[in-house]
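Please open the model in your viewer and keep the sequence panel beside it. The stops below tell you what to select next and what is to be found there.

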Amino acid sequence: MGDTDTTKARPLTTAEYEVLARLRLEPAVWDFLAGGAGEERTLAANQAVFDRVRLRPRVLTGGGTPTTATRILGRDWSLPLAIAPLAYHTLAHPDGEVATARGAGRLGVPLVVSTFASRTFESIAEAAAAPLWLQVYCFRDRATTRDLVQRAERAGFEALVLTVDAPHLGRRLRDLRNGFRLPDGVVPANLHDGDFSSPGGHARTEFDPRLDWSTVEWLRSVSSLPVLVKGILTAEDARLALSAGVDGILVSNHGGRQLDGAPATLEVLPEIAQAVAGACPLLLDGGVRRGADVLAALALGADAVLLGRPVLHGLAVNGAQGVEHLLGLVAEELTEAMTLTGTVSVAAAGPELVAGAEPPDRPARLRSPGPAGQDRPAGDLRREELHGSVSDPVLDTMNFLNEVTQHYPDAISFAPGRPYAGFFETEQIFTYLRRYLDHLAEGGASPEDLRSALFQYGPTAGQIRELIAATLRADEGIDVPAASVVVTVGAQEAMLITLRALIAGPADVLLVSSPCYVGITGAARLLDIVPTAVPEAPGGFRCADLEAAIRAERARGRRPRAFYVVPDHSNPSGTTMPLAQRRELLDLAERHDILILEDNPYRMVSPGRQLPTLKSLDRAHRVVHLGSLSKTLFPGARVGFAVADQVVVGTDGTTGLLADELTRIKSMVTVNTSPVSQAVVAGMLLAAGGRTSEFNAGTAAYYGDAMRTTLRELDRCFPEPERAALGVRWNEPTGGFFLAVDVPFTADNAALELAAEKFGVIWTPMSYFYPQGGGERSLRLSVSYLAQPQIAEGVGRLADFIRFAAEALS
C-alpha cells in the first residue's frame, strides 16, 4: 500500500478517512486497531462529551488571524497537537511509524512513539522533523525498560511518557474471538525477548504490576529526559504526580483497568487543570476528532492534545501524505474555530469559550447536561469537589453487584455474602425483645428503666457489653472485661473507629492481607489511608511476607501500626490460618510492636471444631478483635463490636483502655448503637445461654452442606482431565461462605455481565479484593445465600460460561 493521490481527488473529512481505512484493512486488523470492546465504549464516551460541547461564537473582536503556536517543555510547537502513542503502525501501512513521523514532521507535529513500535527508534528519528517522545511501559525486568529508554535518548527522543495505568489492560474480546495474532513481520522492533504475537497477552505477563510514584524517580536515574505521566484521571493523582516531580501530565483513559465506566477525559480535565495550576504542561488524550475538539480542550485547561486513531486512518489511506493531510485538516478546523470564537492565540483560550462552563474566576468544569439537554442548575453539587472516596471504585463494588443482581432477577447469584433467609421468622424479633426485657426486670429494672432501655440513646459504648463479654468467654475462650468491649453498628463501624484511632497520620501504616475484605479498604479510603497489601501465597497468608512488608515500610521512614486479617474462612478466598501460623503471627506482632486487627465473622457458622482465635491466644494485648453478630444471629440488627483491651497512657501518666478512645470517636460518628437492635440481639444471646455456637449448630451444618454441595458440583461439572486442560482450579474451604475459582480469562465486570445476561449466573470478580492489583483471573463464589438445588443449577450455568469464555481464548 504505497502513497497515492487519494486525498488530492477530493478533500476528505476525518470521518471519511475512517471509512476508507476500514475498507482497506483486513477485518481482524481493523478490530485490533479499533481497540477492545471496553476501549470502544470509553472512546464513545469521550466523543459524546466532545459532541455536547458548544463553543460560544464572538464577532467584531478585531483579533486578526489567530496563531496556533504554543511552547511545550521548552520547544515551540506549530500546533497545540501531538500524535498519541499507538502500537504497530505497520498494520496500517508498510512504512509504519517512519511514514507517520515523516507526515507529522511536515507540519511540525510531535509524535509519541509506542514501546511497541514496529519500526526502530533510530529509523523513526531519521525520518522525523518534529519532537519525538517515547511512551514507556515498565516491564518486570527493569533492565529491559532502561535499555529502551536509553536507546531512545541516544536516538534523539526528547521526553518520556510513562503509562501509569498499563498493568491493568482491558480485555479485547473481539481479538480473542478473531483469534487475532500479529502477522508475520509485524513485531515490536525495539524489543527482542518474549512472545508478542498475541497483543495484550504479553502485558499481563511482562508488565510490572507494582508500580508506584517511585517509578518516576527511577526513570530519572536512568535518563536525563523529562518525564510525563499518562493515565491521570483525578485531581488527587495529579497532585501526587506533581509531588513526584513529573514534568508533564497527560489526562487519558485509554490503557487501564478503568476502561469500563471510566470518566470521559474532558469531564475530568477542569478539576485536574485546577490542581495542576500551570505547574507543568497538561495534555489530553481520548476522543479528539476535530479542530473544535482541540479548542474545547484548550478552553477547559489543556495546553495541548494528542490525536490517536485518526492518524492511523490517514496512514492507512495514504501513508505519510495521508497523515500530513489529516493533521492539516485538523489544523484548519482549529484555526476556523479560533476565528469564530475570537480566540487570538492558544494561550487566550479559556472556559468562557464553552457554553455552560464556569467563568474564569471559578474552577472550570464542563457541565453535565440535564433534562432535555439543558445545563444543570448552578446550585448542583460537583463530584470533583466532594471527598475523593466518592469516586473510588472500591466504594462502588457492592452497589455494582446489587445492580447486576437486580438487573438480572432470573440469574442465580453467588455474589451476596449474606446469611440464608430461611433461618429467620418475623415473630422471633418480638420473642427475643421480650426475653431481654424480662432479663432486665429480673435484675431489678423498673418500668421506667425498661422504657429508657428501648427508647433512649443509651450509653455510647453499648448497653449489652456484659452479655457480649460473657459470650466471648463461653464461645471463644476470650476472657476480657466488659469495659474493653464497644458495641458498634456492625463490624464496619468497628473497623472505621479503630482505624481512626490507630492511624494518626501519613507516616502510620495499615497493612492488610491481600486479597482482603473490601470493607477494610473502603473504611481506609474514607479516612485517606492507603493500605499496604501483603500478598497471600497460593496456600494462604505467611508471616515471612508480613515481616518483609514491615521492614520495607520502616526502611521508607514509616511506622507500621496495624495488620488486618481474617484468620478463619476468610472473605474472599475462604482460607484458614493454621494454628502454628497464628502463634507465629502473635510473636511477630510483639517483636515488631504492631497491633493485629482480627476480623472473624464466620467461625460460629462453620461446621466442626474451630481453631482458637488470635485474641484467645493473645497474652500481650496485641489483638484488637473486631466482631459481628450479623452472620451468627441477626443481620438486620447491624450489631457488631470491638474488643480493645490495650492500655493507653495519657500525657499526664493516667491510663485507660483503647476501648475508651474508640467510644469517644463513636460518639461523633453514630452516637450509639440502636438500643432496640441491641435488645433483640441480647434476647437471642440469653435464649442461647450465652453460646452462639449452640444457637448456630443447625446454621453451621446448613452452610457446611452448602459448601460441600458447591465443591461436589464443581467436581462433577469439571472432571479432572477437563479441569487441567482448561486451567480451572478452586480451593476447598472447610467452612465459611466463600471459595475462590481460578479461570483462564479475565474475570472482570464485562465478563460478569456476560455471565449474567447470557448464562444466568452471577459471581464476584476477585480483583475487587486486591488493594494494589491482582486476582484478575479469579472469581469468588458465595455459597451462603442459595438453597442446594439453586447451587447445583448455578454451578452448571457457571461451568457453561467458563467453557464458553475459555473457548473464546483458544
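Predicted model: local features only at pLDDT ≥ 70, side-chain atom pairs only at ≥ 80, totals over all residues.

Residues are numbered from 1 along each chain as its sequence is written, and side-chain values use heavy atoms, with hydrogens and water left out.

**A helix with a buried side**

Select residues 214-222, which form helix α10; helices here are DSSP runs of H or I with at least four residues, strands are runs of E with at least two, and both are numbered from the N terminus. Within α10, colour Thr215, Val216, Trp218, Leu219 and Val222, which are buried, a word that means under 20% relative accessible area, whereas exposed means over 50% and partly exposed lies in between (1.4 Å probe, protein chains only). These residues are on the same side of α10 because they cover an arc of only 160 degrees around the axis, the arc being that of the directions from the helix axis to the C-beta atoms. On the face turned away from this buried side, you will find the exposed residues Glu217 and Ser221. Now show β5 (132-136), α7 (142-155), β6 (159-163) and β7 (227-232), which are among what covers the buried residues of α10.

**A loop residue**

Next, select Asp645, in the loop between β18 (639-643) and β19 (647-649). Is Asp645 buried or exposed? At 9% relative accessibility, Asp645 counts as buried. Its side chain makes a polar contact with the side chain of His621 (3.1 Å) and another with that of Gln646 (3.5 Å); such a contact is a pair of N or O atoms within 3.5 Å, where, within protein, one must be able to donate a hydrogen and the other to accept it, and residues adjacent in sequence count only if both atoms are side-chain atoms.

**A buried lysine**

Move on to Lys666 in helix α24 (residues 658-667), which counts as buried at 0% relative accessibility. Leaving aside neighbours within four places in sequence, Lys666 is in contact (heavy atoms within 4.5 Å) with residues including Thr460, Glu493 and Asn672.

**The cysteines**

Finally, select Cys516, buried with a relative accessible area of 3%, and Cys543, buried at 1%. How many disulfides are there? With cysteine sulfur atoms required to lie within 2.5 Å as a pair, the count comes to 0.
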